[in-house]
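Me: I have a model open and want to learn how to read it. Can we go through it feature by feature?

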Amino acid sequence: MSRGGGKGPSLKDKLDGNELDLSLCNLNEVPVRELAALPKATILDLSCNNLISLPSDFCSLMHLVKLDLSKNRLQQLPLDFGRLVNLQHLDLLNNRLVTLPVSFAQLKNLKWLDLKDNPLDPVLAKVAGDCLDEKQCKQAAVKVLQHMKAIQSEQDRQRQRKLQAEREMEKKREAEQRAKEAQERELRKREKAEEKERRRREYDAQKAAKQEMEKKTKKETVQTRKPASSSRPPQPPRHKHSWSRSVLRVLLFVLLCVLCTLAACKLTELQHQPLCISVNTLYEDVVAALQNHKTLQNMLQQNSQQ
């Protein structure tokens, strides 16, 4: 235990039944560890010391029933002061408190409270009132608890509204995200469909161009073949002059044979043979006959002109 920086007697030496008096000990801090080792000390007097604040682990002294912190320099109480749920009597006279922690509303067993001579918030000071006698101090405990419960409820409502707003905002963000994802999926789907349609048009165009090329090539092939056949002069009817040509061929063949025979008979040594003599005589007779046959001459003239 600190007493102005020095060490004093043990806390057990100051314990009187269930009451532990640490007033006027010039304390700068509360010996929480030593106090926690004395669960029988349900009444604790820390008045008239130099305490500026209470450590957070002070709220672990849940065995306390009566607590006197009057005439110190406390500026605030720990935020979880409400953990002292067994506390019934609390004296905070002549400190520097302005407000109380919201957890103060959890001191459901508090029956007596003194907040005089503190620079309290005007609303809290009005609620607490004076504590000049037992009745007023009890009323102060009831009214302050009600006031702090109202503040706690309002803070809970604000917290709930904040949480609800955050949830709604989160839902809105999720909805916007889903809408954005759906829009992106629709866009990708539309782009995919457009790409497919473009490829289909390209395929159709290529197919049409290929068919057109094949058709053009086929047409050019046909046109290339037609002039070859059409460039030839028209053939005269095969039946025209067929009889005269046949006769002419026969006559030419006969004439060729005769000429060959005649040449052999006139130009070779065979001319003195009886056969050649007959051929030569026949030749002379034919020549004489041809000279006198006008019709045959005309026919020969026509064939020669053709």
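## Reading the features

Reply: Start with one residue. At 37% relative accessibility, Asn94 counts as partly exposed. Bear in mind that this is a predicted model.

Me: Where does Asn94 lie?

Reply: Asn94 sits in the loop between β7 (89-91) and β8. Its backbone deserves a look too. Most residues other than glycine have a negative phi. Asn94 is not a glycine, yet has a positive phi of about 55°.

Me: And Leu24: what is its phi?

Reply: Leu24 has a positive phi of about 55° and is not a glycine either. Leu24 is placed in the loop between β4 and α2.

Me: Is Leu24 buried or exposed?

Reply: Exposed means over 50% relative accessible area. Leu24 has 63%, so Leu24 is exposed.

Me: Now the sheet. How do I read strand pairing?

Reply: Strands of a sheet pair through backbone hydrogen bonds, either parallel or antiparallel. Here 6 strands form an open sheet, in the order β3-β4-β5-β6-β7-β8. The pairing is mixed.

Me: Which strands stand at the edges?

Reply: β3 (15-16) and β8 (112-114) do. Each has a single partner strand, so one side of each lacks a neighbour in the sheet.

Me: In which sense do β3 and β4 pair?

Reply: β3 and β4 (residues 19-21) pair in the antiparallel sense, over 2 bridges. The bridge partner of Leu15 in β4 is Leu20.

Me: Next, cysteines. How many disulfides does the structure hold?

Reply: A disulfide is a covalent bond between the sulfur atoms of two cysteines. The structure holds 1 disulfide. Cys131 and Cys137 form this disulfide, with their sulfur atoms 1.4 Å apart. The cut-off for calling a disulfide is within 2.5 Å.

Me: Why is the disulfide of Cys131 and Cys137 called right-handed?

Reply: Look at the torsion about the S-S bond. For Cys131 and Cys137 this torsion is about 100°, so the disulfide is right-handed.

Me: Are Cys131 and Cys137 buried or exposed?

Reply: Both Cys131 and Cys137 are buried. Buried means under 20% relative accessible area. Cys25 has 2%, so Cys25 is buried. Cys59 has 0% relative accessibility and is buried as well.

Me: What about the nonpolar core? How many residues does the largest core have?

Reply: The largest nonpolar core has 41 residues. Leu46, Phe58, Leu67, Phe81 and Phe104 have the most contacts inside this core. Helices α2 (32-36), α3 (122-128) and α4 (134-230) each supply at least two residues of the core. The largest share of the core, 4 residues, comes from α4.

Me: Last topic: salt bridges. How many are there?

Reply: A search of the whole structure finds 11 salt bridges. The cut-off used is a side-chain nitrogen of Lys or Arg within 4 Å of a carboxyl oxygen of Asp or Glu. One case joins the side chains of Lys116 and Asp114, at 2.9 Å from N to O. Asp114 is buried, with a relative accessible area of 4%.

Me: How do I read the Glu170 and Arg173 pair?

Reply: Check the distance, then the spacing in sequence. The side chains of Glu170 and Arg173 meet in a salt bridge at 2.5 Å, N to O. Glu170 and Arg173 are 3 residues apart in helix α4, so about one helical turn separates them. Both ends are partly exposed: Glu170 at 34%, Arg173 at 43%.

Me: And Arg200: with which residue does Arg200 form a salt bridge?

Reply: Arg200 bonds with Asp204, the closest N and O atoms being 2.8 Å apart. Arg200 and Asp204 both lie in helix α4, 4 residues apart, about one turn of the helix. Arg200 is partly exposed at 40% relative accessibility. Asp204, at 35%, is also partly exposed.

Me: Which residues are linked with Arg200 and Asp204 in a network?

Reply: Glu197 and Arg201 are linked with Arg200 and Asp204 in a network of salt bridges.

How values were computed: Residues numbered from 1 in each chain as written. Predicted model: local features only at pLDDT ≥ 70, side-chain atom pairs only at ≥ 80, totals over all residues. Heavy atoms only, no water. Buried < 20%, exposed > 50% of the residue type's maximum accessible area, 1.4 Å probe, protein only. Pairing = 2+ DSSP bridges. Core = buried A, V, L, I, M, F, W, Y, C linked by side-chain atoms within 4.5 Å.
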